[in-house]
Every structure is written in C-alpha cells, then in structure tokens.
Amino acid sequence: MKILVTGAAGFIGSHMCERLLLLGHEVVGLDNFSSYYDVNLKELNAEILSKQNIAIHRTDLRTDDLGKIISEDIDAIFHFAAQPGISANSTFEEYFSNNVLATQRMLDVIETLDSKPYFINIATSSIYGLEATLTEDEAPLPASWYGVTKQAAEQLVLAYSRRGLLKATSLRLYSVYGPRERPDKLYTLLIGSVLNKKPFPLFKGSEKHLRSFTYVQDIIDGIVSVLDYQEACNGEVFNLGTEEENSTQTGIDTIEEILDVPVQIENRPVRAGDQSRTKANIDKARRILNYNPQTSLKEGLEAQVAWYKESFVK
C-alpha cells in the first residue's frame, strides 16, 4: 500500500513511518515543522527517516495546495498532524486552524477523488475531559481547547464516513511516551532536567495525577492494526492505551531509580484543563483489533533514557 502520514516528523508520526516501512508499505510523509516546540528535534527525526528513504513534504495543511500530495494513488492516510497539548501560549485560533481547519481541508480534497484513501484519524483521550476513563460509547466532556478541537476534528472525519464519502476510523490515544517524545512532555522534560542538573517544573497537585502511560511501540501496534481490520473499523472509534495506571510521582520515582539521581522539583501553579486521571478502557480494541500492550513503565522509560542520552548528551 502507499500510505500518507501527516505529522511525520513528530514523535508518534515518525515511529509510524518506520513501522509502515518495516511492513513493506510505501510511505509518504508530510509535516509543517511547526515551531510549537524545538524544530531541531523534528529535523533530527526527519533525518532519521530520510536515511530510510522516507521523504517528508514540508507542507502546511492549513494553507498549501494538498492536491499534489493527497492523490488517487494514496491507499491510506494516518493523520497525526495537530496543535498538541495544553499550552497557555497557544491561542484558540491556533488549535482551531491546526486541528479542525487542517482536517477539513484534507477531507475536501479526498471528496474530489474517485478512489479515496482509508482515513485513520489520530485523536486523544483529552476528548473525554478531566477524567478519561470512559468507553467509546459514552459522551465526551472535553475541558480544554485541545480536547474540544480534537473532538471536532474527529467528528468531521466520522461525518464523512457516516455519509458514505470515505471509510474512516478514529483512535483516541492515552499518554504516549518513549524515544522522540516532545520536549514539553513529561518524561523528556524530566529526563532532561535531571541530566542537565536543572529543576523540573511540576504543576501543583499533578504528582497525584493518574495516567495510562503507554509506550510508543505499543501504541503503534494498535494504530497499524487498523489496516488489517478496515471493514470492522469503518466508522468506529477506539481507545488505545494501557490499562495500567501510574501516578506522575511514580514516573518521577522511576526516572530517579533509572538515573540514580534525585529530581529537583520547581513547583508551578495549577494548569487549567489538565486531566486528573486517565485510564484507558481498551475492551473494544482488544476484541476487534487484538490490541494487547505489554511494555512496563520501567522498560519504556529505560528505552527513553537511552534515546535521550544518545541524542542529546555529548
């Protein structure tokens, strides 16, 4: 299959490109190399993919001509590109344009094609709101601009599926971590703070937050499995994560154990819209996708520490 991956220079998208190539697919990448976080990390990911003959088109889904990339010969699209996370520095307009408008522009192009690609939308547990413990059939209650706009993007994609205009699936991911994790995310920030002997910024009360911390390769297992069950997945939503819950404090303790260095904490005020608990209910994914995440938190963090040292410690 010829498969397009948006957000290909990002954390999960770059891993997805590698997995698809390993499975024998032809991979086309797309990324706008946004400055939301350090572009050098995206360039590093792009260089890794380039060495595997995976080219990344530098394209902005919001403004550029997409007709040259989303064409009749594309069999499937994995749509990772988005304005991520919960940031006080990002405006609602940025979340809307990157998450909703960009998705709609892709769908507009797909609608004109005689042969339409299967569309796998990458959503988030933030759709559920402050406590992400629900099944896919329960009503989401997003509490952040990120969650609201990602839900809107998901529903745009599913609306096209309901109308029979394309075949599509949406996957709600839970607290993904591992090598190449964004520098603003918990574990890359935590590892960097320890190794660079800098205080780690901790939002008040977040050490008690519970998360379904899910190793990136376990997430990729679930995402790529949609290709094997396209008919069963069409029009459906799936939670992808681990059923194992760990607190942020457990994560901090695990990093201290791996690096054998204490974490210096710098307390920050409460972050509005942050989730107090996520626990992935993956019964549906187990049943239909044969999804079965296996990596323990310590195993995954050991891999992430090794990546960080290799990439950034001279």
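In which sense do β1 and strand β4 (residues 76-79) pair, and over how many bridges? They pair in the parallel sense, over 4 bridges; two strands count as paired if DSSP finds at least two bridges between them. Strands here are DSSP runs of E, at least two residues, and helices are runs of H or I, at least four, numbered from the N terminus. Within β4, His 79 is the bridge partner of Thr 6.

A quick word on ground rules: this is a predicted model, where local features need pLDDT of at least 70, side-chain atom pairs count only at pLDDT 80 or more, and totals for chains, interfaces and linings use all residues. Residues are numbered from 1 along each chain as its sequence is written, and side-chain values use heavy atoms, with hydrogens and water left out.

Back to β1 (residues 2-6): 5 of its 5 residues are buried, meaning under 20% relative accessible area with a 1.4 Å probe, protein chains only. In a regular strand the side chains alternate between the two faces of the sheet. In β1, Lys 2, Leu 4 and Thr 6 sit on one side, Ile 3 and Val 5 on the other, and both faces are covered.

β1 also runs parallel to strand β2 (residues 26-31), joined to β2 by 5 bridges. Gly 29 in β2 is the bridge partner of Val 5. To get from β1 to β2, the chain passes through helix α1 (residues 11-22), and this β-α-β crossover is right-handed: with the strands pointing away from the viewer, the path from the first strand over the helix to the second runs clockwise.

Note on methods: Buried means under 20% relative accessible area, exposed over 50%, partly exposed in between (1.4 Å probe, protein chains only).
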